[in-house]
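Biologist: I am new to this structure. Please take me through one part of it closely.

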Amino acid sequence: MKADAMPLVSVLIPAFNHERYVECFLDSVLEDPYPAKEIVVIDDGSTDATGERIAGWVAAHGHELPVRFERRENRGVAATLNELASLARGEFLRPGASDDYLLPGGLDAQVRYLRAHPHKAAVIGDAIVVDRNGTKLHDSSMRDLYGVDKRLYRSDEGIRRAVISHWAVSGAVALVRKGAPEVRAGWNEQLRIEDWDFFLRLVARDALGFIDQRVCAYRLHGQNTSKTRCVATRIANLADLRRVALRHAELFDGPHRMLLCAQSHYIAAKIAYLRRQPCRIALHLATCAWLAMRARLRLPPRAPLTGAA
């Protein structure tokens, strides 16, 4: 396909206090061979030199590809993603994280998937896992970090079950159609961790696809939002996730609704564990097991899993 016939991809970068990593992400977009791309980046009120690093990079490389750079006060990831999406000109959006970076070939593979599957609103891939210095820790975030059997993602039913029961998507691994209803509705600005909410809405209508290709590097560095060791923050994050599960249960029918309700009790058990409430742990785990068993009795049997995991 000729370069001028390739659809424009807008790489969205909500940047916050990642002065050490943000230039690596920007370099990875520039170096990716996909020809039709732009960068839309907002410094979300960083208190370090993130904004200065971006400004310097734009001054050095802004002539090599279209870049839009804004700076403002802190509003959070979801609000920043919504603003970035509104500024983007591309047919496809690649939401990113300023501490990760893209792997060459990922944009092209995901664009080709969405062009070949017009009923899909988004597609995810896998990621490698690196440390703060860029040293590779794992070949597959889904398999090695989260213990997921990627063969589940070969069918809509498998993707739906996986997203509901074993959330394993991390890093800048999604390509989304800008015109998708989920993008028009926006990322939920009331949530601390907004991605599960977004992807549950996608799988509720079987609009999420998967390619078994590593499309980005997910960086672990001790400051990741979902990996915090602060108990109060972990409880607040889990409470957000439980609200998401309960709110979106109505999007699903029968056994999938039961699975999501079971997941809400599993999350509640985690909260009870952090609060040292053993009776509540037992109650929520028992309810989770009961709901999950009822759901699986009503779900269609899984197709045989063959090939590499």
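Is the crossing of α9 and α10 left-handed or right-handed?

Modeller: Keep in mind that this is a predicted model. The crossing of α9 and α10 is left-handed. Here is the pair in detail. Helix α9 covers residues 231-248, and helix α10 covers residues 254-274. Two packed helices are described by the angle between their axes and the distance between the axes. For this pair, the axes come within 9 Å and cross at roughly 165°. Angles over 145 degrees count as roughly antiparallel. Therefore α9 and α10 are roughly antiparallel to each other.

Next, the residues that make the contact. On the α9 side they are V231, R234, I235, L238, A239, L241, R242, A245, L246 and H248. On the α10 side they are L260, S264, H265, I267, A268, K270, I271 and L274. An α-helix has 3.6 residues a turn, so residues three or four places apart point the same way.

Now follow a residue from another helix to this pair. H284 lies in helix α11, which spans residues 278-298. Leaving aside neighbours within four places in sequence, H284 is in contact with R242, H265, A268 and A269. Of these, R242 belongs to the α9 side of the contact described above, while H265 and A268 belong to the α10 side. H284 has a relative accessible area of 13%. Buried means under 20%, so H284 counts as buried.

How values were computed
Residues numbered from 1 in each chain as written. Predicted model: local features only at pLDDT ≥ 70, side-chain atom pairs only at ≥ 80, totals over all residues. Heavy atoms only, no water. Axes fitted to C-alpha atoms, helices over the stretch in contact; angles between N-to-C directions. Helix = DSSP H or I, 4+ residues; strand = E, 2+ residues; numbered from the N terminus. Parallel < 35°, antiparallel > 145°, perpendicular 65-115°, else oblique. Left-handed = near helix turned anticlockwise from the far one by under 90°. Contact = heavy atoms within 4.5 Å. Buried < 20%, exposed > 50% of the residue type's maximum accessible area, 1.4 Å probe, protein only.
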